[in-house]
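Q: I have the sequence and the model open side by side. Please show me how to read some local features, one at a time.

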Amino acid sequence: MMGFTKQVYIFANMNVHIETPRLLIRNIMLEDAAEMYAMDSQESVMRYIGMPPVESIDETKKIIGFIQAQYQRNGTGRWAMILKETQQFIGWSGIKYMDDSSMDGKKDFYDIGYRLHPDFWGKGYCTEAAQACLDYGMNEMKLPELVANVMEENHASRRVAEKIGMRYSHSYMEDGNNWRWYVYP
């Protein structure tokens, strides 16, 4: 893995706007709080994150504030996935610079992630968004490498990582959960 230690890429465009055939990917806004809460308050969504479901919309608003602070600090972060047809927030995807937490004892790297409301599972939205974010990270941000951390039991997220061309690197145990580390390229 190429190291990003102490190397933060600063990106001028903090207002991301990516379009795919079915999705609009943009910065998460406070106006997304109700739909984001509806997603993150479900056990089925949070089961493979290693965190309990969100318990209040106020907690969701704090999370959005945290994400927006990442935009300011690092010029990147998780982005809203909006279904073009209905303009509905259905989840998020994006590239987070991991400077505030660690995975597998590592810190200061770019992580691609995705989360989707269960009503939209199985329709290819995560793969579509993750591919667009990966392309954005490689072509616009000019990142030399992206990683993804997926819980071992989360077969759907593992398939997404593999479909967008990420390759399995290794497994590790953290907080009682087995995780897989994927890299691109």
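A: Start with burial: a residue is buried under 20% relative accessible area, exposed over 50%, and partly exposed in between, using a 1.4 Å probe and protein chains only. Met 51 has a relative accessible area of 44%, so Met 51 is partly exposed. This is a predicted model, in which local features need pLDDT of at least 70, side-chain atom pairs count only at pLDDT 80 or more, and totals for chains, interfaces and linings use all residues. Residues are numbered from 1 along each chain as its sequence is written, and side-chain values use heavy atoms, with hydrogens and water left out.

Q: Where is the place of Met 51, and with which residues is Met 51 in contact?

A: Elements come from DSSP runs numbered from the N terminus: helices are H or I runs of at least four residues, strands are E runs of at least two. Met 51 sits in the loop between helix H2 (43-46) and H3. Contact means heavy atoms within 4.5 Å. Leaving aside neighbours within four places in sequence, Met 51 is in contact with Met 46 and Arg 115.

Q: Which residues does Leu 30 touch, not counting residues up to four places away in sequence?

A: Leu 30 touches Lys 61, Ile 64 and Gln 68 on that count. Leu 30 belongs to the loop between strand S2 (23-27) and H1, and its 48% relative accessibility makes it partly exposed. Leu 30 and Lys 61 are 31 residues apart in sequence, yet 6.6 Å apart in space from C-alpha to C-alpha.

Q: At what angle do the axes of helix H1 and helix H3 cross?

A: An axis is a line fitted to C-alpha atoms, for helices over the stretch in contact, and angles between N-to-C directions run from 0 to 180 degrees. Here the axes of H1 (residues 33-40) and H3 (residues 57-74) come within 9 Å and cross at roughly 110°. H1 is therefore roughly perpendicular to H3; the classes are roughly parallel under 35 degrees, roughly antiparallel over 145, roughly perpendicular from 65 to 115, and oblique for the rest. H1 contributes Ala 33, Ala 34, Met 36 and Tyr 37 to the contact, and H3 contributes Ile 57, Thr 60, Lys 61, Ile 63, Ile 64 and Ile 67. By class there are 8 nonpolar, 1 polar and 1 charged residues. In this scheme Ala, Val, Leu, Ile, Met, Phe, Trp, Tyr, Cys and Pro are nonpolar, Asp, Glu, Lys and Arg are charged, and the others, Gly among them, are polar.

Q: How many bridges does strand S3 form with S4?

A: Two strands pair if DSSP finds at least two bridges between them. S3 (residues 78-83) and S4 pair in the antiparallel sense over 6 bridges, and Ala 80 has Trp 92 in S4 as its bridge partner. The hairpin has 4 residues between these strands, and Gln 87 takes a positive phi near 65° there. S4 also pairs with S5 in the antiparallel sense, over 7 bridges; Gly 91 has Leu 116 in S5 as its bridge partner. S4 (residues 88-97) is largely enclosed by the rest of the structure, because 9 of its 10 residues are buried.

Q: Which residues point each way from S6?

A: Leu 146, Ala 148 and Val 150 point one way, Val 147, Asn 149 and Met 151 the other, and all are buried. S6 (residues 146-151) pairs with strand S8 (residues 177-184) in the antiparallel sense over 6 bridges, and Leu 146 stands opposite Tyr 184.

Q: Is Arg 158 buried or exposed?

A: Arg 158 counts as buried, at 13% relative accessibility. Arg 158 is part of helix H5 (residues 155-163). Not counting residues up to four places away in sequence, Arg 158 touches Val 150, Met 151, Glu 152, Arg 180 and Tyr 182.

Q: How many disulfides does the structure hold?

A: A disulfide is a pair of cysteine sulfur atoms within 2.5 Å, and the structure holds 0. Cys 126 is in no disulfide, and its nearest cysteine sulfur, that of Cys 133, is 10.0 Å away. Cys 126 is buried, with a relative accessible area of 13%.
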